[in-house]
Amino acid sequence: MSLLDTKFEKGGVIISKVEDLLNWSRLSSMWPMSFGLACCAIEMMATNASNYDLERFGIFPRSSPRQSDVMIVAGTVTFKMAERVKRLYEQMTEPRYVLSMGSCANCGGPYWEHGYHVVKGVDRVIPVDVYVPGCPPRPEALIGGLMKIQELIREEKFGGNREDVKKRLAAKSAPAEEVIMAEHPNQADRSKGQDKKETEVEETAETA
Amino acid sequence: MQPKPLTIDEIAALVREKFGDVISEPVKTPTAEFFTITDLEYLQAVMYFLREDERTKFNYLYCLSGVDNGDGSLSVVYHLESLGVHGHRLEVKANCSVEKPEIPSVAEIWRTADWHEREAYDFFGIKFIGHPDLRRILCPEDWEGYPLRKDYKVAEYYHGIKVPF
């Protein structure tokens, strides 16, 4: 399914399923809970700020778990904090999504062996939907993770199971190498442009 | 009062003159100069003297840390500075054993020692006698063991969450 707004045809009339409409409205206003745990939170704040401007996706932080549907676990989760994280997650209304940001929240990060105080992955406390690797991840990576949650919401069905949605999405995914190595649509033009420049240079040399 | 920074030997001589043989000879390494208070009964008196005496005037305790020496003994290191008066600095140590980890508190002398001593208690289990409010400061209240001791082993579970990787 593509975005709803690409479905407009003649006369500004759109015919769609209620399911798609609801999913589209939900994924266009994901409100994360405003809380950060460590250095990843700085990167998250930068993503919220004007340079990366998360609000263009309808994403802006809420100060209450009652009003939010996404939890960005940005940083090191200590055992002392783990209970609070769990409590906050339980206070969020369903459907709720969890994004684990950075190596510490994913698997304990640099504290995986000698950190007596760090939970080795926030998924030992609450269920996680999307993991964003990095130490800390760049804002682009965080935006990528949030767009993965949007994909997840877009695929959801009434009365459906989220695990089934994840399986469907996994079947659709392509290997990273193919995406990276594939020829960029602009690449052909660009190489043409370079040739043109060179010929131009030659021409100007001849005329001179 | 004219500022007059003192060397560690001069400060040690002042303490000996006042209290007798309660401190060790000053130890000088390329990275640190310190003396150890050997008689812990005099620790608070020596510290109070260092703070109040016109010649030393150590009005600032800028760090207090716990150490596990790994040989069955624990240490507390005090870093003192005479801020705005003489400008000199001093390192003082005090030792105790793992079996009886007790050291007199200096929280009444320098208020800043309050939280530093709680931290040393939290991580090394050093009990500061006379501290006004000795509880854990960073670890949760129900944490078991003292995590920065050399022989510390992490628990298998904490509140139902698996601890090791």
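**Figure 1. Overview of chain A in the predicted model.** From the N terminus on, the elements of chain A follow the order α-α-β-α-β-α-β-α-α-α-α. The coordinates come from a predicted model. In total, chain A has eight helices and three strands. Chain A has 208 residues, of which 34% count as buried. Among contacts in chain A with a separation of 6 or more, 72% involve residues 24 or more positions apart.

**Figure 2. Close-up of the open sheet of chain A.** Three strands of chain A, in the order E1-E2-E3, make up an open sheet with parallel pairing. Strand E1 (70–74) and strand E3 (130–132) of chain A each have a single partner strand and stand at the edges, so one side of each lacks a neighbour in the sheet. On average, and with direction ignored, neighbouring strands of this sheet are turned by 20° against each other. Five bridges join E1(A) and E2(A) in the parallel sense. A:Met71 stands opposite A:Val98 in E2(A). Strand E2 (residues 97–101) of chain A also pairs with E3(A), in the parallel sense and over three bridges. A:Met101 has A:Val132 of E3(A) as its bridge partner.

Figure 3. How many of the five residues of E2(A) are buried? Five of its five residues are buried, and E2(A) is mostly covered. On one side of E2(A) are A:Tyr97, A:Leu99 and A:Met101, and on the other are A:Val98 and A:Ser100. All of these residues are buried, and both faces of the strand are covered. Helix H2 (residues 39–48) of chain A lies across E1 and E2 of chain A. The helix runs at about 130° to E1(A).

Figure 4. Helix H1 (residues 18–27) of chain A has four buried residues listed here: A:Glu19, A:Asp20, A:Asn23 and A:Leu27. Around the axis they cover an arc of only 95°, which puts them on the same side of H1(A). The spacing follows a general rule: an α-helix has 3.6 residues a turn, so residues three or four places apart point the same way. Helix H5 (139–155) of chain A is included in what covers the buried residues of H1(A).

Figure 5. Over all chains, the structure holds eleven aromatic pairs. One of them is made by A:Trp112 and B:Phe165, whose ring centres are 5.2 Å apart and whose planes stand at 70°, so the pair is edge-to-face. A:Trp112 belongs to the loop between helix H4 (102–107) and E3 of chain A, and B:Phe165 to the segment after strand E9 (161–162) of chain B, so the pair joins two chains. A:Trp112 counts as partly exposed, at 41% relative accessibility. B:Phe165 is exposed, and its relative accessible area is 53%.

**Figure 6. Close-up of an aromatic pair within chain B.** The rings of B:Phe19 and B:Phe49 have planes at 85° and centres 5.7 Å apart, so this pair is edge-to-face. B:Phe19 lies in helix H1 (residues 8–19) of chain B and B:Phe49 in helix H2 (residues 43–52) of chain B, so the pair ties together parts 30 residues apart in sequence. Are these two residues, B:Phe19 and B:Phe49, buried or exposed? Both B:Phe19 and B:Phe49 are buried.

**Figure 7. Close-up of an aromatic cluster and two charged side chains.** A cluster linked by ring pairs contains A:Phe79 and A:Tyr116 together with B:Trp143, B:Tyr152 and B:Tyr158. In chain A, the charged end of A:Arg96 sits over the ring of A:Tyr89, 4.2 Å from the ring centre. In chain B, the charged end of B:Lys93 sits over the ring of B:Phe34, 4.0 Å from the ring centre.

**Figure 8. Overview of chain B.** Chain B contains three helices and nine strands. From the N terminus on, these elements run α-β-β-α-β-β-β-β-α-β-β-β. Along the principal axes, the C-alpha atoms of chain B fill a box of roughly 60 × 30 × 30 Å. Chain B has 165 residues, of which 46% count as buried. Of the contacts in chain B between residues at least 6 apart in sequence, 48% join residues at least 24 apart.

Note on methods: Residues numbered from 1 in each chain as written. Chains lettered and ligands numbered in written order. Predicted model: local features only at pLDDT ≥ 70, side-chain atom pairs only at ≥ 80, totals over all residues. Heavy atoms only, no water. Buried < 20%, exposed > 50% of the residue type's maximum accessible area, 1.4 Å probe, protein only. Arc of directions from axis to C-beta. Contact = heavy atoms within 4.5 Å. Pairing = 2+ DSSP bridges. Axes fitted to C-alpha atoms, helices over the stretch in contact; angles between N-to-C directions. Phe/Tyr/Trp six-rings, centres within 6.5 Å; stacked < 30°, edge-to-face > 60°. Lys NZ or Arg CZ within 6 Å of the ring centre and 35° of its normal.
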